[in-house]
Number of protein chains: 2
Amino acid sequence: MGNGYTMQQLHTLKDFYTKQLLKDTVPFWFPRSYDREYGGFLLMRDACGTLIDDDKAVWIQGRATWLLATLYNTIAPEMEWLEGAGLGYDFLDRYCFDTDGRMFFHVTRKGEPLRKRRYFFSETFAVIAMAAYAKATGSEAVAEKARHLFGKCIEYATIPGILPSKFTGTRPAKGIGIPMIMINTAQQLRETIGDDRCDSYIDSWIQEIERDFVKDDIRCVMEQVAPDGSIIDHVDGRTLNPGHAMEGAWFILHEASRRNNDQRLTALGCRMLDYMWDRGWDPVHGGILYFRDVHDKPVQEYWQDMKFWWPHNEAIIAMLLAYLMTGDPKYAERHALLHDYAYSHFHDPHHGEWFGYLHRDGSIAQTAKGNLYKGPFHLPRQEWYCMQLLNAHLQNRQDK
Amino acid sequence: MGNGYTMQQLHTLKDFYTKQLLKDTVPFWFPRSYDREYGGFLLMRDACGTLIDDDKAVWIQGRATWLLATLYNTIAPEMEWLEGAGLGYDFLDRYCFDTDGRMFFHVTRKGEPLRKRRYFFSETFAVIAMAAYAKATGSEAVAEKARHLFGKCIEYATIPGILPSKFTGTRPAKGIGIPMIMINTAQQLRETIGDDRCDSYIDSWIQEIERDFVKDDIRCVMEQVAPDGSIIDHVDGRTLNPGHAMEGAWFILHEASRRNNDQRLTALGCRMLDYMWDRGWDPVHGGILYFRDVHDKPVQEYWQDMKFWWPHNEAIIAMLLAYLMTGDPKYAERHALLHDYAYSHFHDPHHGEWFGYLHRDGSIAQTAKGNLYKGPFHLPRQEWYCMQLLNAHLQNRQDK
């Protein structure tokens, strides 16, 4: 391990992710979650897969649609996956939009709206769902809907005050979440149906992250800053989300990879990873701590030291990508630490899929596999991305 | 213990709560938190009392004002307490109201608004702060402000749609928190400056709790129900908050006590306590679990099994009150379990006061003593209430 992964180890990893994705994770959810009566998916499930609520979370409906269409587009043209993506697309299109063009957050099984939020994450996940489904079906009409909704997201992300705010204007702040999700949405759009706007927007969002959120002097990626990029020295402003920042790092590494391993972007992604590994990895119990204070003060959130599934998915992708792009063995070491921690603590060997929420010591805090925020996304995306990445890497090596 | 507390044990408890309140809890906060420059209090503090943020949470500014005025009114006319209550009152009055008469939730040290919420808890805590301060100063003008604001709270609590909602009208729901906070607010108002509206309103809120939230058939107090009192069989509707329901139980027992130990109300409070003790007490590690699902399914909140300080404060009051009112030794047993768990796990023997947030196993999850939600309220109120209650009980016994 001191020299990184051997080719044999990379083959083993590729086989492992492939098997987990197709024999464990995806079968936990599908086809049993297809709602052939009302459309969309029934995804709020307990450890063994029993439905605990038939409500539908719009984020997750979009993400599941994206996943199924993406499996169809990239792994095999299974009609079952296409059928599922169609159920998801129709439900989103028919029930999840309000009359003002914005989307709901939470709807009933039949699609009646329960809650709409100030954020536009429902919209960004619908963009990638629609784009992937447009590619799967070849429908230009669906592609146009995806591009139109992406245009709305650009407006929400860039026009100050267009969406209502939780806060007054006394202490303006901005989060890294917006440029991050917009980078990933644009990347997905570009890689499925193509969109001329994407490259230059991605450039500008990466520049914003580098300029305003990445603090080289203190080796940190901020989660929230003032509009000019300065640190807001109050509890919220000091709160870091290491797993989220590592997710942002791999979006940037992915962009670097697409741009012939652009060195500046590769270095930026690796710096972000290095900084937040140091702040996020729990040296006592292993795993990634959810929140940290930039000055090690107490954070507001009392559950700050819990281990959530998704930061581990994102960090696993980030470390593998950094390793394969740079060959630096430290990324292989960190990838192995994360992979071993995650598959031994989060994975449920009895029923498949992962638990979502562990106490700091690694014991399970909550057994739901699906709820308002967790569904078939981060875990299958990680397994799918790593599988694709290793396939390409190993294929490339073989060709040489 | 099988026969309940002895008189000697009750004396010991009285001395303990008195000492904790006056030698440990209150001195942790005051006078160092008085903000003589901008008014109000600086309450966001780490374990050792270091300030971690100079922002001001409006709930907590009101609660601290109530506490200081109440200590002045009921324990001793200390000028330092009166001065502190005045700092709090002035800050609330000057900076914490929006132009529409509603209050903010979170302001800067200087009183600039940061956030306003859809709920009116800032207002209810300001009512009890103003009422107690009006009594301390004898000011009829302040008393009038308290009564006026209480009138606004009655409107917010009873006129549907007067405040914006987080949810659409698809699945209407109501929480036990509104009738509970209104009962306590009315009780405080009545006991400080008096208000003719209180008795009948308290009756109607208790009736609402009994009719719509207390489910004798399944031995449960619901946290949220449909407007007609039926259980909403979705994740949110099934979620119970045992510590909160036990707080509601003591508000009702307190009312029973004031009404010459009204038997119907005493029985109602005791049933609520019994039901939620069975659902909330953690048989594995001790302490009160934060959330439970009415059907033992997973709850949405991943931190659902944490132990928070305040449910323990409220349950300690509830069990002691139930014991002294009924003489039933089971309440003394539960009080002793709670008291021992709480003072051995939450109390900080080095710096005083309590930690707020423990993992399920009792280890400390977050070290702040004060933040946006925690400040000088539940703990000192518990110590003050139990001290007053035991004083009165022992005095009464002595007189017989």
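## The second largest pocket

Which helix gives the most to the lining of the second largest pocket? The helix is α13(A), with 8 residues. This is a predicted model. In it, the second largest pocket has a volume of about 670 Å³. Its lining counts 28 residues. Nearest the pocket's centre lie A:His254, A:Ser257, A:Tyr385, A:Gln388 and A:Leu389.

Several helices of chain A supply at least two lining residues each. They are α2 (58-74), α4 (121-137), α6 (177-192), α9 (242-258), α11 (309-326) and α13 (378-399). What classes of residue make up the lining? There are 10 nonpolar, 14 polar and 4 charged residues. As background, rolling a probe the size of a water molecule over the atoms shows where empty space is left.

## How the two chains are related

Two copies of a chain are related by a rotation about an axis and a shift along it.

## Where the chains meet

The contact takes 42 residues from chain A and 42 residues from chain B. About 3,500 Å² of area is buried between chain A and chain B. Carbon and sulfur atoms give 53% of that area. Which three residues supply more than any other three of the area that chain A buries against chain B? They are A:Pro298, A:Gln300 and A:Tyr302, and they supply 20%.

Charged pairs also link the chains. Between chain A and chain B the count is 2 salt bridges. A:Asp55 forms a salt bridge with B:Arg171. Their closest N and O atoms are 2.6 Å apart.

## A salt bridge inside chain A

A search of the whole structure finds 74 salt bridges over all chains. One salt bridge joins the side chains of A:Asp100 and A:Lys116, at 2.7 Å from N to O. A:Asp100 lies in the loop between α3 (79-95) and β4 (106-107) of chain A, and A:Lys116 in the loop between β5 (113-115) and α4, so the pair ties together parts that are 16 residues apart in sequence.

Most residues other than glycine have a negative phi, and most peptide bonds are trans. Some places in this model depart from that pattern. Which residues does a cis peptide bond join in chain A? The bond joins A:Phe30 and A:Pro31, with omega about 5°. A:Pro31 sits in the loop between α1 (7-29) and β1 (44-45) of chain A. In chain B, a cis peptide bond joins B:Phe30 and B:Pro31, and omega is about 5°. B:Pro31 is found in the loop between α1 (7-29) and β1 (44-45) of chain B.

The phi angle gives another case. A:Arg219 is not a glycine, yet its phi is positive, at about 50°. Where does A:Arg219 lie? A:Arg219 is in the loop between β7 (214-215) and β8 (220-221) of chain A.

Terms used
Residues numbered from 1 in each chain as written. Chains lettered and ligands numbered in written order. Predicted model: local features only at pLDDT ≥ 70, side-chain atom pairs only at ≥ 80, totals over all residues. Heavy atoms only, no water. 1 Å grid on protein atoms, 1.4 Å probe; cavity = no way out; pocket = protein on both sides within 12 Å on 5 of 7 lines; lining within 4 Å. Points joined across faces, edges and corners; volume = space filled by probe spheres on them. Helix = DSSP H or I, 4+ residues; strand = E, 2+ residues; numbered from the N terminus. Nonpolar A, V, L, I, M, F, W, Y, C, P; charged D, E, K, R; others polar. Contact = heavy atoms within 4.5 Å. Buried area = accessible area lost by both parts, 1.4 Å probe. Salt bridge = Lys/Arg side-chain N within 4 Å of Asp/Glu carboxyl O.
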